[in-house]
Amino acid sequence: MKSIKPLREKKNTAILLIHCPDKQGILATVTEFLNKNNGNIINLDQHVDRVEKIFYMRVEWELNDFAIPADKIAEYFDTLIGSKLEMNWKIYFSEDVPRMAIFVSKMSHCLFDILSRYTAGEWDVEIPVIISNHETMRPVAERFGIDYHYIPITAENKAEQEALELQLLQDYKIDFIVLARYMQILSKDMVAQYPNRIINIHHSFLPAFAGAKPYHAAHARGVKLIGATSHYVTSDLDAGPIIDQGVTRCSHVDTVKSLIRKGRDLEKIVLSNAVFKHLQRKILVYNNRTVVFH
């Protein structure tokens, strides 16, 4: 089964993500650079953190009539604006389709949600490989026509197996990774290879209801809200920059089974929202926090 074309036809555009020390005139300087070079701006968002005094910006413009060749835009922008204003910036082009790897263990709800959106053409992405520490999801990968690699991990072979995973990611030219309920902790070395490019999902009971059966513990406490959190993976477990969160109410009538069902529904929606925001280049990370543009 192959993915179909995105639901909307793509325009030939570029996206510039910026954060830098705040000062007067940044917005005007950037937009003037685009306008002078015949760049038709189609989306622009900006935010100022007045406590940290940091300016954030996302701007997207059409490239069809842009005066600067695509392969020269970065050089021109950095020389004329970026370096002078001490900017951290990155440019993305719509014609460059990101390549995503999925890591999964035994639970299928997040994996199926991602693959259904992928095959329906909701996302402009390629998913060439699924990696797992179990064989459980192999039939799913085969059903969707995606390569599947079974890489079991133990405390004794973790370094060796992660090296194999990293080689696979390189071979498949992977841009970012999604942990679709992958029940392994990635090493610091592996995380360092994909900074702000590994997206994880977990239930929001952590750390109050950590452990193997968080929904059982939550049910025993009579919780009234359950949730899910998606974040970029860092070397600090479940403490990376938050991308998206969701909650739903529950009550005394809920059983452990219904809490698990509600929780899994939240997990797949929140994870897919986070992946979509990442694909849209709408996330800026600064000091372990995110600015997520709408």
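Colleague: What's the volume of the largest pocket?
Modeller: It's a predicted model, so local features need pLDDT of at least 70 and side-chain atom pairs 80 or more, while totals for chains, interfaces and linings use all residues. Residues count from 1 along each chain as its sequence is written, and side-chain values use heavy atoms, with hydrogens and water left out. A pocket here is an open set of points on a 1 Å grid over the protein atoms alone, where a 1.4 Å probe fits, with protein on both sides within 12 Å along at least five of seven lines. Filling the space with probe spheres set on the points, the largest pocket comes to about 1400 Å³.

Colleague: Which element gives the most to its lining?
Modeller: Lining residues have an atom within 4 Å of a point, and this pocket has 45 of them. Elements are DSSP runs numbered from the N terminus: helices (H or I) of at least four residues, strands (E) of at least two. With six residues, the top contributor is E4.

Colleague: What kind of aromatic pair do tyrosine 56 and tyrosine 286 form?
Modeller: Rings of Phe, Tyr and Trp (its six-membered ring) pair with centres within 6.5 Å; planes under 30 degrees apart are stacked, over 60 edge-to-face, the rest tilted. These two are 6.3 Å centre to centre with 80° between the planes, which makes the pair edge-to-face.
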